[in-house]
Amino acid sequence: MQTEGNLSTLIVLVQNRPGVLFKIAGLVRRRRFNIESLTVSHTEDPNISRFTIFVRGEKEIVKRMSKQLYRIVEVVKVSDPSSQDIVARELALIKVATVKPKSRLDISLITRHFRARVVNIHPEYVIIEITGNEGKIDAFCQNMRKYGIIEFVRTGRTALFK
Amino acid sequence: MILTGAEILCESLLKEGAEVIFGYPGGAIMPVYDALLKYPKLRHILVRHEQGAAHAAQGYARATGKPGVCLVTSGPGATNLVTGLADAMMDSTPIICISGQVASFLIGNDAFQEADVVGITTMITKHNYLILHPNEVALVVKEAFHLAATGRPGPIMIDITKDAQSNLSDFKYPTDINLPGYKPTVKGNPYQIQKAAHLINQSRQPLILAGHGIIISAAEKELAHLAKKANIPVATTLLGISCIEQNNSCYVGLLGMHGNLGPNKCTNEADVLIALGVRFDDRVTGRLSGYAPQAKIIHVDIDPAELSKNVKADIPIVGDIKYILTQMIPLIKKSCHDEWFSQFAKYYQIEFDKVISTETNPTKGQIKMGEVIKTLSDQTKGKALIIADVGQNQMITARYYHFKKLDRFITTGGLGTMGFALPAAMGAKIGRPQDEVWAIMGDGGFQMSMQQMATIEEEKINIKIIILNNNYLGMVRQWQHLFFNHQYSEVFLKNPDFIRLAEGFRIPAEKVKERENIISAIKRARRHKGPYLIEFEVETEANVFPIMPSGAAVDEMRLE
């Protein structure tokens with residue numbers, strides 16, 4: 001179980017049939033589970049899709065959620081691995097204003113420090129791509145705030161077993 | 001073999017052993033109704049409202065253990081099923097509901113009688129399907145029957161577009177299904193079973209809580225065997241009623257809000273609770289913080305999500321109860337708990353003096369509901385198949401019908417649907433034609449499904465109907481009396497003349513106002529070959545006791 005202030009990662013493999021996302025979303029809503037993020041993608045097997053659910057709650061609640069998930073007929077496997085057992089990443093794109101004097105230089109230094117990349121440059125802003133765990137992305141945003149974050153998006157956690 | 005989707009549907013239903021369909025036609029299901037003419041082996045019962053089709057299928061399923069089938073049209077036909085699906089979901093009842101859907105090219109266009117059936121029913125079905133092509137029909141039906149009846153049973157919805165019904169496809173019934181995520185655990189973990197047996201062997205005051213799971217798993221014999229061998233008292237939940245004969249010396253009564261005093265009080269005196277196929281509903285546990293504080297809890301259920309959902313299980317066992325008990329019984333030592341049993345007897349005596357004697361054997365005043373049910377129980381020797389609705393009529397039936405045969409009680413437990421009993425009794429009688437079937441209803445519930453009287457008469461379904469008429473929505477009135485300062489709000493019912501109503505449906509009926517006519521009316525109903533209705537004019541403002549008020553613990557039951 002991955003615990004970062006009561007946060008856990010559930011990796012859910014499902015049969016790739018229409019309506020599964022709807023069912024999982026319905027379960028989360030009905031049982032009032034508190035989710036931080038949910039990502040869906042294809043897998044190496046075209047018949048199977050993969051949900052990564054980043055969920056907030058006590059161990060018991062996460063356990064209950066995984067049991068409820070098994071009630072969905074298409075759900076093939078639910079794992080709640082510990083943080084040592086997975087590699088977890090998030091991707092964020094951040095549009096930061098560069099109108100203040102000297103800001104462009106500062107931003108590029110910080111970006112390099114975080115091993116992020118500038119992927120688009122505009123006279124008034126840059127777009128930066130960053131991957132990492134939630135803490136790293138949060139810290140990067142913290143540093144960008146004073147320049148002015150114009151737009152911000154993050155994918156939510158996705159993870160693989162080690 | 002090239003067939004239409006509708007024909008494939010009929011063929012597949014026959015392959016799965018379906019005999020009866022409860023249904024109602026309409027525009028988007030017409031190809032199936034046309035095909036039905038070619039399949040006389042599929043008996044169609046024309047209900048008078050789709051909700052009744054779902055309840056009738058439930059009654060059939062609960063009576064036979066086989067999935068019940070209903071067939072309706074799109075839009076309103078399908079939405080009318082919703083209550084029945086939710087009821088079947090709550091009470092783990094295998095039903096297959098098939099609804100027509102507008103043609104696939106119209107879906108999403110707000111077509112005439114279009115409703116998003118899969119969207120609407122997702123949360124109240126075990127699984128659901130939308131069929132767009134006739135080549136999907138056979139596999140879906142096969143999967144649906146498998147899903148409905150195995151594991152924890154439940155309702156399956158199949159929505160099939162009109163073009164999928166009328167287009168052609170090659171029909172070959174599949175031999176395999178592809179459900180990699182669906183593998184219910186049947187065999188319990190042997191280590192857990194051993195641990196449970198060890199705990200039972202050491203217990204001094206064990207109590208078995210027997211639920212609907214016993215009946216679903218057909219583990220009645222194993223339950224009785226376990227109880228006898230280790231000399232353990234058995235209390236049942238509402239849906240567990242008749243999973244053990246009530247004249248079995250181990251049977252100690254009914255759990256729950258209006259259950260018996262002994263099992264409820266003793267829950268908090270027991271040192272081990274053996275919960276078999278129960279889900280610790282709030283109507284059984286009362287206030288959770290005051291529930292079984294000193295007991296170790298063994299919880300056996302086929303649905304892992306039930307274990308430690310409401311009450312933390314010390315020894316959870318996932319699997320089929322019949323299998324698990326068969327494994328467990330050889331590990332159980334013979335034991336004697338006479339002193340513990342005498343505790344139940346003591347509470348029974350208190351309850352008998354305070355409640356039961358006056359309820360079942362009054363000498364003056366208006367007719368009491370309890371005496372009607374007691375008389376019915378005596379007259380039918382506790383062998384009838386009883387279908388109860390919801391409310392006071394249900395609690396009184398559960399309390400005072402003395403079930404001496406196994407699997408004789410069907411009611412709406414989890415959802416508590418008014419109007420359930422009449423259509424469910426139809427389905428139950430069709431499923432078990434040899435059994436004497438009685439539907440017990442209140443005056444309110446009867447009016448929610450009385451249109452099915454037309455079906456009952458048309459099909460000559462030989463059920464006996466009792467209306468316990470107190471001119472009130474009795475249970476709501478009771479709560480307003482006890483917990484809302486005796487202020488009655490919208491609970492009085494100015495009722496129609498039920499006897500003339502029944503006559504209008506061409507079903508013989510009589511009204512009983514006097515105590516001395518109870519027996520003769522029941523006798524006349526039993527002698528009559530065909531459906532028969534008796535309206536009992538009962539005490540108007542009677543309350544069901546004991547009661548565990550909401551928020552109270554199991555040992556805080558009120559006797560008055």
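These legends walk you through close-up views of a predicted model. Local features need pLDDT of at least 70 and side-chain atom pairs count only at pLDDT 80 or more, while totals for chains, interfaces and linings use all residues. Residues are numbered from 1 along each chain as its sequence is written, and chains are lettered from A and ligands numbered from 1 in the order in which they are written.

**View 1. The largest nonpolar core has 203 residues.** A nonpolar core is a set of buried Ala, Val, Leu, Ile, Met, Phe, Trp, Tyr and Cys residues joined through C-beta atoms within 7 Å. Buried means that 20 or more other C-beta atoms lie within 10 Å of a residue's own, with C-beta atoms placed from the backbone. Look for B:L223 and B:I387, which have the most contacts inside this core. Helix α7 of chain B (residues 137–149) gives the most to the core, eight residues; helices here are DSSP runs of H or I with at least four residues, and strands are runs of E with at least two, numbered from the N terminus. Apart from this core lies another, of 12 residues, including A:V126 and A:F140.

**View 2. Here are the surroundings of B:I387.** Leaving aside neighbours within four places in sequence, B:I387 is in contact with residues including B:G59, B:I410, B:A424 and B:W438. Contact means that the C-beta atoms of two residues, placed from the backbone, lie within 7 Å.

**View 3. Six strands of chain B form an open, parallel sheet.** The order is β16-β15-β17-β18-β20-β19. At the edges, β16 (409–411) and β19 (509–512) each pair on one side only; strands pair if DSSP finds at least two bridges between them. What sense of pairing joins β17 (residues 437–442) and β18 (residues 463–469) of chain B? They pair in the parallel sense, over six bridges. Within this pair, B:M441 of chain B stands opposite B:I467 in β18(B).

**View 4. Chain B meets chain A.** Here 12 residues of chain B are in contact with 16 residues of chain A. The chain B side divides into eight nonpolar, three polar and one charged. In this count, Ala, Val, Leu, Ile, Met, Phe, Trp, Tyr, Cys and Pro are nonpolar, Asp, Glu, Lys and Arg are charged, and the others, Gly among them, are polar.

**View 5. Chain A has domain 1 (7–81) and domain 2 (87–161).** These bounds come from an automatic or database domain assignment. The C-alpha centres of the two domains lie 29 Å apart. Their contact takes eight residues from domain 1 and seven residues from domain 2.
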